[in-house]
Amino acid sequence: MIATASAVAFVVYSCKGKIRQADDVDLGSTPVQTVRNMFVVQSENSLLQMRMEADLMERYENDSVSYELFPEGFAVYGYNEEGLLETEITSDNARHEKFEKDGSETWAAFGNVVVKNVINHERMETDTLYWDRKNERIYTDCYVKMFSPDGFMQGYGMESDQRARNSTIFNPFYSYGIVIQDSTKVSVDSANFIGPFPEK
């Protein structure tokens, strides 16, 4: 009986000696959710409004704000009132914040940000872009390059509606325009066009 009690005590002591205390985990720097190959679609009255894609989404939460990071790239596709693809926004990184106190939210895209209006054949390039979803506008204070069939513009600071239909550069410099007088030129929206392309 004594030998059995000693064996049990030895086993309990040996196991206890191998248990290590776990390292402290900083929950503020650890994602509470991770999503790979994210694909989100938003529609209204059976019409597609927006499509969002990201290779990786990480969600973080603390007492005052919850936010999502997109460290491996981010793409948003906006559709017009007829359901045609109109706007593309891509970037190397993005961040979405939602504040608990007032329910407000901010979107920001960083690194090689490209905004295209595929219907108007316009493209804008910058380093940082913000999206004010409530007021339906996009803006930046950074250096901006804008290319369109009418010419080239560059400067610092830009604001536009969220569809990139009416963009304004606040401090332009060294820009130029292109005058085209060929009335027979045909412009094709290749992103939404269905059917044979016109002969050249």
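The questions and answers below walk through a predicted model of a protein.

User: How many helices and strands does the secondary structure of the protein hold, and in which pattern do they follow along the sequence?

Analyst: Because this is a predicted model, the elements described here belong to that prediction. Its secondary structure comes to 1 helix and 12 strands. Read along the sequence, these elements give the pattern α-β-β-β-β-β-β-β-β-β-β-β-β.

User: What percentage of the residues in the protein is buried?

Analyst: A residue is called buried when its relative accessible area is under 20%. The protein has 200 residues, and the share of them that is buried comes to 31%.

User: Which residues have the most contacts inside the largest nonpolar core?

Analyst: In soluble globular proteins, nonpolar side chains tend to be buried together. Here the largest nonpolar core has 23 residues, and the elements that give two or more residues to this core are β2 (47–61), β4 (74–79), β7 (105–117), β8 (122–132) and β9 (137–148). Another core, of 5 residues, lies apart from it and includes Tyr-77, Tyr-79, Leu-85 and Val-118. Within the largest core, the residues with the most contacts are Phe-70, Phe-74, Val-115, Met-124, Leu-129 and Met-158.

User: Which residues are linked with Phe-70 into a cluster by ring pairs?

Analyst: Phe-70 is among the residues with the most contacts inside the largest nonpolar core. Leaving aside neighbours within four places in sequence, Phe-70 is in contact with several residues, including Met-38, Ala-54, Leu-56, Met-57, His-96 and Trp-107. Ring pairs link Phe-70 into a cluster with Phe-74, Trp-107 and Trp-131.

User: Is the aromatic pair of Tyr-60 and Tyr-67 stacked or edge-to-face?

Analyst: The structure holds 11 aromatic pairs, and the pair asked about is one of them. The ring centres of Tyr-60 and Tyr-67 are 5.1 Å apart, with 10 degrees between the planes. Since planes under 30 degrees apart count as stacked, the pair formed by Tyr-60 and Tyr-67 is stacked.

User: Is the aromatic pair of Phe-173 and Tyr-174 stacked or edge-to-face?

Analyst: In this pair, Phe-173 is partly exposed at 28% relative accessibility, while Tyr-174 is exposed with a relative accessible area of 73%. The two rings lie 5.8 Å apart from centre to centre, and there are 85 degrees between the planes. Because planes over 60 degrees apart count as edge-to-face, the pair of Phe-173 and Tyr-174 is edge-to-face.

User: Which side chain makes a polar contact with that of Arg-123?

Analyst: Arg-123 lies in strand β8 and counts as partly exposed, because its relative accessibility is 31%. Not counting residues up to four places away in sequence, Arg-123 touches Val-114, Val-115, Lys-116, Lys-145, Met-146 and Phe-147. The polar contact, at 3.0 Å, joins the side chain of Arg-123 to that of Glu-125.

User: Which residue has the backbone oxygen that the side chain of Thr-126 reaches?

Analyst: Thr-126 has its place in strand β8 and is buried, because its relative accessibility is 9%. Leaving aside neighbours within four places in sequence, Thr-126 is in contact with residues including Asn-112, Val-113, Thr-140 and Cys-142. The backbone oxygen that its side chain reaches, at 2.8 Å, belongs to Tyr-143.

User: Is Ser-46 buried or exposed?

Analyst: Ser-46 lies in the loop between β1 (33–44) and β2, and its phi is positive, about 65 degrees, although Ser-46 is not a glycine. With a relative accessible area of 74%, and because a value over 50% counts as exposed, Ser-46 is exposed.

User: Is Ala-164 buried or exposed?

Analyst: Ala-164 has its place in the loop between β10 (151–161) and β11 (168–172), and its phi is near 60 degrees, a positive value in a residue other than glycine. Because the relative accessibility of Ala-164 is 7%, this residue counts as buried.

Note on methods
Residues are numbered from 1 along each chain as its sequence is written. This is a predicted model: local features need pLDDT of at least 70, side-chain atom pairs count only at pLDDT 80 or more; totals for chains, interfaces and linings use all residues. Side-chain values use heavy atoms; hydrogens and water are left out. A nonpolar core is a set of buried Ala, Val, Leu, Ile, Met, Phe, Trp, Tyr and Cys residues joined through side-chain atoms within 4.5 Å. Buried means under 20% relative accessible area, exposed over 50%, partly exposed in between (1.4 Å probe, protein chains only). Helices (H or I, at least four residues) and strands (E, at least two) are DSSP runs, numbered from the N terminus. Contact means heavy atoms within 4.5 Å. A polar contact is a pair of N or O atoms within 3.5 Å; within protein, one must be able to donate a hydrogen and the other to accept it, and residues adjacent in sequence count only if both atoms are side-chain atoms. Rings of Phe, Tyr and Trp (its six-membered ring) pair if their centres lie within 6.5 Å; planes under 30 degrees apart count as stacked, over 60 as edge-to-face and the rest as tilted.
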